[in-house]
Structure formats: structure tokens, C-alpha cells
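Keep the structure open beside you as you read.

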Amino acid sequence: MAERPLTLMAVHAHPDDEATGTGGVLARYAAEGIRTVLVTCTDGGCGDGPGGAKPGEPGHDPAAVVAMRREELEASCEVLKVDHLELLEYADSGMMGWPANDAPGSFWRTPVADGAARLAELLHHYRPDVVVTYDENGFYGHPDHIQANRITMAALAITGLTPKVYWTTAPRSMMQRFGEVMREFGGEQAEPDPAEAAALAEIGLPDEEITTWVDTTEFGGQKFDALAAHASQGENIFFLKMGKERFTDLMGVETFVRVQDTTGAAVPENDLFAGLR
Ligand SMILES: [Zn+2]
């Protein structure tokens, strides 16, 4: 068998998640000569339309949103030097409780076994050494993120080929700083909504439960530019308002929980590929 390059595969739900959650590691490992593969599960059709139009509002044409987000995703991959982009093209399910959850072809409604079978084919094809996806709550409860976790874990169980598997997370210490920056850059909404603040406090993990801290500050500019490629989406504009320096300061270290490992590399670790090279 021909020698395979070390390979990182990130499995994400929507166009733009690759930049927010893993832009740093995608850029860093590409720069280190590691092959990077991004799998994006949905078409992003429930994202913002031109001028911030939400699904169902005038000016939100789902097909046009899908086309726009596809272009943005390709631009982001170029910035991050992603070697292979694989699109599963399920319909975006929207936020939990939206009618789109149950629309025909929605990712949320797709049987896990179906999505897992498709992803298993990609695992066989690329044979990644490291796979990264979300935790079982999809980091913040979005149905497509939860479904990405489910199909990924099922596909990994079917194939049994991947030495190291990670879930993205954020340290609580960082979430606290994030809340402060949100208030600073949030504009009129100076007082945090208590429900939102409580939800934010539940996100992420206590610092001591994080196994893997990867310093990607050197690639903060690329991560910022990748996110800027997705500027049509309202929640990204918030990050972009911070500017590169503040953004890198806040988002420059990417953190993970190691959930599968055959290398025995000691934790905490500072490299997704520890024990593999
Ligand atoms: Zn998403």
C-alpha cells in the first residue's frame, strides 16, 4: 500500500463552522504539511440571506442562500488551505424547534445510519489519523451539530480506522472572557439577556476537563480571514467587529476533548497529532 500522508478530518454542520471552531488547527496543520479534509454536512440554507434576511422573511431565497454560502465556504477553504472539501449537502435543519427541522431532506431528519454510511466511505477513502467534530450537545444544542456528532461517532464505530478522535470545546475561563467581549461589541444590548447569559455559562467545559490545547495564535489572521469570507452571516459580523488582534487574543487557542485514542499520548497535550509523529 502506498504511504499515506498524515491526515486531519474535521466534520462540521454548516458553512462557516470550520472557521469558528477549527480555523486555527486547519491552518496550522496545513502549514505543517498535514493533509486536511473538511466535511460540511449541510447546505446552510437556513442561514441569513442578503441584508440579514432570516428564513421565511422577504428577501430570503433558500436556493440563493445555499449558492452564496457555497461560494463563501470555498473562499474560506482557500484561506485555510484545506486540501479537500467534501459536501454531504443535507438540507440545513435550522435552529431547534424550527419547521425546517422536519422538512424533507433535513439533516436532523436523516437517519443516523444513512449519514454514517456516507461518512464511513470518506473515512475509508482518506483514512484520517485525527477526526474532529462536536460533542453530543453539538456544543450549543443546534440540531445539525448534534447530528454531525451522531453520524461521525457512528461512522467511526463502523470503520474502526481512526487513531485519535476529538470533540471541540471551549474552556469556561474563555467563555467568561467571551461574555465580556460580547457585551463590549454587542452594541445597544449592553445588559446581557439573563437567559442568554445562563445558556452561555453552560457551554464549554471546566478548564481541567480539557485534554488538548492547541496554540494557533500564529494562524489567527487566517482564521479571521476565513471567518470574514462568511461575512453574510450575522453572528460572524460580531466576531469581525473585534478586529484581527482582539479576535486572535480571544480565539487563538483551540481546545478539544480527546474521546478516542490508540496512541497513549499523555494528556493534557498541545498537539492533535501527539503520538502520531
Ligand atoms: Zn453551525
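This is a predicted model: local features need pLDDT of at least 70, side-chain atom pairs count only at pLDDT 80 or more; totals for chains, interfaces and linings use all residues.

K54 and D48 join their side chains in a salt bridge, with N and O 2.7 Å apart.

Across the whole structure, a search turns up 13 salt bridges. Three of them are set out here.

| Salt bridge | N to O distance | Relative accessible area |
|---|---|---|
| K164 and E269 | 3.0 Å | K164 0%, E269 6% |
| R258 and D261 | 3.3 Å | R258 18%, D261 27% |

What does the pair of K164 and E269 tie together? K164 belongs to strand β5 (residues 164-169) and E269 to the segment after β7 (253-261), so the bridge links parts that lie 105 residues apart in sequence. K164 is buried, with a relative accessible area of 0%, and E269 also counts as buried at 6%.

In the bridge between R258 and D261, R258 is buried because its relative accessibility of 18% is under the 20% cut-off. D261, at 27%, is partly exposed.

The largest nonpolar core has 38 residues, and the members touching the most others are L8, Y29, F239, M242 and L272. At least two residues each come from β1 (7-12), α1 (17-31), α2 (62-80), β4 (130-133), α6, α8 (220-228) and α9. The biggest contribution is that of α9, with seven residues. Leaving aside residues up to four places away in sequence, L272 touches partners including L8, V25, Y29, V130 and V132, and also K164. A separate second core holds 24 residues, among them M9, F107, L119 and A155.

Helix α6 (residues 172-185) is worth a look too. Its 14 residues reach 20 Å from first C-alpha to last, close to the 20 Å expected at 1.5 Å a residue. Which residues of α6 are buried? They are M174, M175, F178, G179, V181 and F185, and their cover includes α7 (194-202) and α9 (234-251).

Finally, the surface. M95, W98 and Y140 make up a nonpolar patch with about 280 Å² of accessible area together. M95 is found in the loop between β3 (84-90) and α3 (112-126), and is partly exposed at 36% relative accessible area.

Notes
Residues are numbered from 1 along each chain as its sequence is written. Side-chain values use heavy atoms; hydrogens and water are left out. Helices (H or I, at least four residues) and strands (E, at least two) are DSSP runs, numbered from the N terminus. The expected span of a helix is 1.5 Å times one less than its number of residues. Buried means under 20% relative accessible area, exposed over 50%, partly exposed in between (1.4 Å probe, protein chains only). Contact means heavy atoms within 4.5 Å. Patches are made of residues with over 30% relative accessible area and no salt bridge: like charges are joined within 9 Å, nonpolar side chains (Val, Leu, Ile, Met, Phe, Trp, Tyr) within 5 Å. Accessible areas come from the Shrake-Rupley method with a 1.4 Å probe; for residues, only the protein chains shown count as cover. A salt bridge is a side-chain nitrogen of Lys or Arg within 4 Å of a carboxyl oxygen of Asp or Glu. A nonpolar core is a set of buried Ala, Val, Leu, Ile, Met, Phe, Trp, Tyr and Cys residues joined through side-chain atoms within 4.5 Å.
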